[in-house]
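Dear colleague,

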Amino acid sequence: MISLLVKEKLYINEVVLGTGFGVIIGPYVANVFNPRSWGSEENTITLEVMRIVLATGLFAVGVELPCAYMKEHAKSLLIMVVPTMAFGWVLVSGKYLFLTLSLVLTFVNRIVAIVHFLFPHLDEISALCIAACLTPTDPVTCAAITRGKFATRHVPVEIRRILSAESAANDGLAYPFLTIALYLTVETSTRVAIGKWFLIGWLYQVILGTVLGAIFGVLFSKLMKLSHRNGFIDRDSYIAQYLALSIFTIGVASTIGVDDLLASFAAGCAISWDGHFNVQTADDSFSSVIDYVLNCGCFIYIGAWLPFNSYDSPELGLTPWRLVVLMIAILVLRRIPPLLLLYRFIPEIASWKEAVFSGHFGTSMGVSAVFVSALALTRLPVPATPPANQAQMLAASIQPIVSFIVLGSIIVRTWLIASL
């Protein structure tokens, strides 16, 4: 009844409201809804809930971008997605493994250094795994500055589009940075780990996933145009494809083990490449309603899922002050310095002020971070008490660290947007 006041006047979106409500009904307040009471199935359910919300959001981002946007803005996206995180490698300890991988693991080096410094019980490989969870920009929380009245009033349209495209693209690219850490953790040979990472992590999961999604998008686009010409499909059916096609794409992609998030984004871009799908779905709010409902439900889940009792676990080397320092360091160092150096090569960013804005608000972390951390747990052993080795230590530490950063990111972003 007061949603318009809250969203358009106070600039508080469903991310904050959902998370707050989830905390209230969760195990630490009302204890009405407690995902962590589901035992061994909890992580699987968390993973799939985040997967569906992310996939539908990424598909919608791909559809809503202008025709052939990814082709026309490929240079800017390449600069924002890859070299933006290529600075500060000197902060990482100089072990031979990381010197070998320094050219290809530039996405997460700054976070790796910070995590390893603050949590010395985690080695560099474990820090790399946690950094992979915190690398992707979350398209759901990023929507606070790319959609709505605040975005229309304060954020140039080119900034909104490039941030949306970048958040979608680098979500899928968290896969290879997670898999290299996991392969190095579970494989006895570094050579074998790197070989599997290149063949499976890049060629199979990322490249094949992107190609698969693009093929699905093109095929569905042609099929829907054919059906439209013959009068077999109406406007309502077009709108329903937002949900149906995204779920179909991630279903096929996850079944064969490729990057389902990139596949969903590629399918969204491909299906709207010529603009026909956009014309048929223009000025319709149904897709926004679906997105809103899924986002609300997802962040209610996250609010109830947050492991507050794990934020002070001295046996794991976790203390509140270390987590706060990590959160501040990531928000300040993750994107702002490289974007200040590189914005001159990105036509969509016109000034250093826009570079600071894009760097700061582009560090949003939420659903994607929770998803990657849940995915990591499926590949790690169940930790004993206390953890018996580094793999178990990582399994016990990853979600408390990631969830705290997600919570802090939500709070800081909301406060800053409301104060502007």
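Helices H3 and H15 cross in a right-handed manner (a crossing is left-handed if the near helix is turned anticlockwise from the far one by less than a right angle, and right-handed if clockwise). Helices here are DSSP runs of H or I with at least four residues, strands are runs of E with at least two, and both are numbered from the N terminus.

Before the remaining findings, a note on provenance. This is a predicted model, in which local features need pLDDT of at least 70 and side-chain atom pairs count only at pLDDT 80 or more, while totals for chains, interfaces and linings use all residues. Residues are numbered from 1 along each chain as its sequence is written, and side-chain values use heavy atoms, with hydrogens and water left out.

The packing of H3

Two packed helices are described by the angle between their axes and the distance between the axes. Axes are lines fitted to C-alpha atoms, for helices over the stretch in contact, and angles run from 0 to 180 degrees between N-to-C directions. H3 and H15 (residues 260-271) pack at an angle of about 30 degrees, with 7 Å between their axes. H3 is therefore roughly parallel to H15; angles under 35 degrees count as roughly parallel, over 145 as roughly antiparallel, 65 to 115 as roughly perpendicular and the rest as oblique.

On the H3 side, the contact (heavy atoms within 4.5 Å) is made by Arg51, Leu54, Ala55, Leu58, Phe59, Val61, Gly62 and Val63. H15 contributes Asp260, Leu261, Ser264, Phe265, Ala267, Gly268, Cys269 and Ile271. By class, the contact of H3 with H15 comprises 11 nonpolar, 3 polar and 2 charged residues. In this classification, Ala, Val, Leu, Ile, Met, Phe, Trp, Tyr, Cys and Pro count as nonpolar, Asp, Glu, Lys and Arg as charged, and the others, Gly among them, as polar.

H3 (residues 42-64) also packs with helix H11 (residues 157-172), at an angle of about 135 degrees and with the axes 10 Å apart. These two helices are therefore oblique to each other, and the crossing of H3 and H11 is left-handed. Leu54, Leu58 and Val61 of H3 meet Ser164, Ala165, Ala168 and Asp171 of H11. The contact of H3 with H11 has 5 nonpolar, 1 polar and 1 charged residues.

Ala60 is a further residue of H3. With a relative accessible area of 7%, Ala60 is buried (buried means under 20% relative accessible area, exposed over 50%, and partly exposed in between, with a 1.4 Å probe and protein chains only). Apart from neighbours within four places in sequence, Ala60 is in contact with Arg147 and Tyr242. The C-alpha atoms of Ala60 and Ser264 are 9.0 Å apart, although 204 residues separate them along the chain.

The chain and its cores

The protein chain has 22 helices and 0 strands. Of its 420 residues, 56% are buried. Among contacts between residues at least 6 apart in sequence, 79% join residues at least 24 apart.

A nonpolar core is a set of buried Ala, Val, Leu, Ile, Met, Phe, Trp, Tyr and Cys residues joined through side-chain atoms within 4.5 Å. The largest such core has 98 residues, of which Phe119, Ile130, Ile302, Leu326, Val367 and Phe371 touch the most other members. Helix H22 (residues 390-419) gives the most to this core, with 12 residues. Ile130 touches Val115, Leu122, Leu394, Ile398, Ile401 and Val402, not counting residues up to four places away in sequence. A second, separate core of 11 residues includes Ala60, Val63, Tyr238 and Leu245.

Backbone exceptions

Most residues other than glycine have a negative phi, and most peptide bonds are trans. Asn31, which is not a glycine, has a positive phi of about 55 degrees. Asn31 lies in the loop between helix H2 (14-25) and H3 and is partly exposed, with a relative accessible area of 49%. Ala68 likewise has a positive phi of about 55 degrees without being a glycine. Ala68 is placed in the loop between H3 and helix H4 (69-72) and is buried, at a relative accessible area of 13%.

The peptide bond from Thr385 to Pro386 is cis, with omega near 0 degrees. Pro386 is found in the loop between helix H21 (367-377) and H22.

Yours sincerely
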